[in-house]
Amino acid sequence: SDASFFTPYGIIGLINQPDGENYHAPGESVDIESVGLYYNVVKTYLDRVALGSLETVNAAREEATAEAV
């Protein structure tokens, strides 16, 4: 993964994926049940963390803009 390029700079990389075998090789497969779990984990993260952070950033931007006027 590209995470190895960031770790020397102290940037933590998170590698995640559904369960499977032989990634990017002949006979590659994925466990269908784990795809559903993976989807739920990513969606929960986006709903709770990433989108919440975006709302916080936007609110701070609006506050800073109002103060500048």
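**Figure 1. Overall fold of the protein chain.** The protein chain holds 2 helices and 2 strands; helices (H or I, at least four residues) and strands (E, at least two) are DSSP runs, numbered from the N terminus. In order from the N terminus, the elements run α-β-β-α. The radius of gyration is 19 Å, well over the 11 Å that the globule rule gives for 69 residues, so the protein chain is more spread out than a compact globule. Here the radius of gyration is taken over C-alpha atoms, and the globule rule is 2.2 Å times the number of residues to the power 0.38. This is a predicted model, in which local features need pLDDT of at least 70 and side-chain atom pairs count only at pLDDT 80 or more, while totals for chains, interfaces and linings use all residues. Residues are numbered from 1 along each chain as its sequence is written, and side-chain values use heavy atoms, with hydrogens and water left out.

**Figure 2. Extent and surface of the protein chain.** The C-alpha trace spans about 60 × 30 × 15 Å along its principal axes. Accessible areas come from the Shrake-Rupley method with a 1.4 Å probe; for residues, only the protein chains shown count as cover. Of the 69 residues, 4% are buried. Buried means under 20% relative accessible area, exposed over 50%, and partly exposed in between (1.4 Å probe, protein chains only).

**Figure 3. The loop between β1 and β2.** Asn22 is found in the loop between β1 (20-21) and β2 (29-30), and His24 lies in this loop too. The phi of Asn22 is near 55 degrees, a positive value in a residue other than glycine. His24 likewise has a positive phi, of about 55 degrees, although it is not a glycine. Asn22 is partly exposed, at 43% relative accessible area, whereas His24 is exposed, at 77%.

**Figure 4. Glu33 and Ser34 in helix α2.** Glu33 and Ser34 are both placed in helix α2. With 69% relative accessibility, Glu33 counts as exposed; Ser34, with a relative accessible area of 8%, is buried. Apart from its neighbours within four places in sequence, Ser34 is in contact (heavy atoms within 4.5 Å) with Pro18 and Asp19. Pro18 is also 15 residues from Glu33 along the chain, and the C-alpha atoms of Glu33 and Pro18 are separated by 8.6 Å.

**Figure 5. The salt bridge between Lys43 and Asp47.** A search of the whole structure finds 1 salt bridge, defined as a side-chain nitrogen of Lys or Arg within 4 Å of a carboxyl oxygen of Asp or Glu. Lys43 forms a salt bridge with Asp47, and their closest N and O atoms are 2.7 Å apart. Both residues lie in helix α2, 4 residues apart, which is about one turn of the helix. Lys43 is partly exposed at 38% relative accessibility, and Asp47 is partly exposed at 42%.

**Figure 6. A nonpolar patch on the surface.** Val42, Tyr45, Leu46, Val49, Leu51 and Leu54 form this patch, with about 490 Å² of accessible area together. Patches are made of residues with over 30% relative accessible area and no salt bridge: like charges are joined within 9 Å, and nonpolar side chains (Val, Leu, Ile, Met, Phe, Trp, Tyr) within 5 Å. Tyr45 lies in helix α2 (residues 32-68) and counts as partly exposed, at 46% relative accessibility.
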